[in-house]
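Biologist: Could you walk me through this one slowly? I am still learning how to read structures.

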Amino acid sequence: MAEEPARKDGGGAQLLGSLAAALLIVAAAIWAVTARLGPTSIAELEAAEEAAEAAEEAGEEKAEESGGGRRRRGRDR
Amino acid sequence: MEEFLVALTRGNVTEVKIVLATVVALLAAYQVGLMAVGYGKLRLPFLKPLPASKAHRAIGDSIVAVTLTVAIMCIGYFGFEDDAALHIVLAVALLLVLAFKIAVIRRMHRLNRLLPALGISVFLLFWATWFSAAAEHLV
């Protein structure tokens, strides 16, 4: 019986306000954590993989130019 | 299962898990505040005990759903690895205490006096579980 006056006194609004506060907490947590974790890790991993591959290729090219250059010339003949 | 989770999160299983775990850990702290108002331990001019208790129940239902999602993601993707023993023990304890608390709320009403202790235990276990896994990526 004591519940009815509480509802009439704005209990519904207080309930909605409490739920809205929870939604704010959820939104703030998602924003803060994603900001801390940075961009999608997939993108980071792909970028790191590409950089590693590019470095590897550059290393191989250098090795070919220094030692394998003669081989290439030989093949051209 | 692993492939499904990777596809669902576009390869960000750990990141999604961290976000969801952080959300429920923060909501658990909010839940303690709501029940402090609900039990009359904390008096606020803008929030009465009844709406605080109702909000606690509604948010609690959501927390359980998200917690189960995180648990399924964790077990489905990582399994039970030896190096995560502490995390596994804490998470299992959390799920057991949470299940018992829900049973007390819905069926075992004669044990209602245990609810404050169970609620605080659930809150502590949420944070302990979070610290044992997600914290290393954020702190």
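This is a predicted model: local features need pLDDT of at least 70, side-chain atom pairs count only at pLDDT 80 or more; totals for chains, interfaces and linings use all residues.

Biologist: Okay, what is A:Ile30 in contact with, leaving aside its neighbours within four places in sequence?

Modeller: Once those neighbours are set aside, A:Ile30 is in contact with B:Val19 and B:Val23, both of chain B.

Biologist: Let's zoom out to chain A, then. What is its secondary structure?

Modeller: Chain A comes to two helices and zero strands, and of its 77 residues, 9% are buried.

Biologist: How many residues of each chain are in contact with the other?

Modeller: On the chain A side there are 19 residues, and they are in contact with 23 residues of chain B. Both helix 1 (3–37) and helix 2 (41–76) of chain A supply at least two residues each to the side that touches chain B, but helix 1 of chain A gives the most, with 16 residues.

Biologist: What classes of residue are on that side of chain A?

Modeller: The side of chain A that touches chain B has 11 nonpolar residues, together with six polar and two charged ones.

Biologist: Switching to chain B: how many helices and strands does it have?

Modeller: Chain B has six helices and zero strands, and its C-alpha atoms fill a box of roughly 45 × 30 × 25 Å when this is taken along the principal axes. Buried residues make up 32% of the 139 residues in chain B.

Biologist: What about helix 2 of chain B, how far does it reach?

Modeller: Helix 2 of chain B covers residues 13–38, which is 26 residues, and it reaches 36 Å from its first C-alpha to its last, close to the 38 Å expected at 1.5 Å a residue. After this helix comes B:Gly40, whose phi is positive, near 80 degrees.

Biologist: Which residue has a positive phi although it is not a glycine?

Modeller: That is B:Arg10, with a positive phi of about 55 degrees. B:Arg10 is found in the loop between helix 1 (2–8) and helix 2 of chain B, and it is exposed, since 12 other C-beta atoms lie within 10 Å.

Biologist: Last topic: how do helix 4 and helix 5 of chain B cross?

Modeller: The axes of helix 4 (residues 85–106) and helix 5 (residues 115–131) of chain B come within 9 Å and cross at roughly 155 degrees, which means that helix 4 of chain B is roughly antiparallel to helix 5 of chain B. The crossing of helix 4 and helix 5 of chain B is left-handed.

Biologist: And which residues of helix 4 and helix 5 of chain B meet?

Modeller: Among them are B:Leu90, B:Leu94 and B:Val97 in helix 4 of chain B, and B:Leu118, B:Val122 and B:Leu125 in helix 5 of chain B. By class, the residues of this contact between helix 4 and helix 5 of chain B divide into 14 nonpolar, four polar and one charged.

Definitions and conventions. Residues are numbered from 1 along each chain as its sequence is written. Chains are lettered from A and ligands numbered from 1 in the order in which they are written. Two residues are in contact if their C-beta atoms, placed from the backbone, lie within 7 Å. Helices (H or I, at least four residues) and strands (E, at least two) are DSSP runs, numbered from the N terminus. Ala, Val, Leu, Ile, Met, Phe, Trp, Tyr, Cys and Pro count as nonpolar, Asp, Glu, Lys and Arg as charged, and the others, Gly among them, as polar. A residue is buried if 20 or more other C-beta atoms lie within 10 Å of its own, exposed if 12 or fewer, and partly exposed in between; C-beta atoms are placed from the backbone. The expected span of a helix is 1.5 Å times one less than its number of residues. Axes are lines fitted to C-alpha atoms, for helices over the stretch in contact, and angles run from 0 to 180 degrees between N-to-C directions. Angles under 35 degrees count as roughly parallel, over 145 as roughly antiparallel, 65 to 115 as roughly perpendicular and the rest as oblique. A crossing is left-handed if the near helix is turned anticlockwise from the far one by less than a right angle, and right-handed if clockwise.
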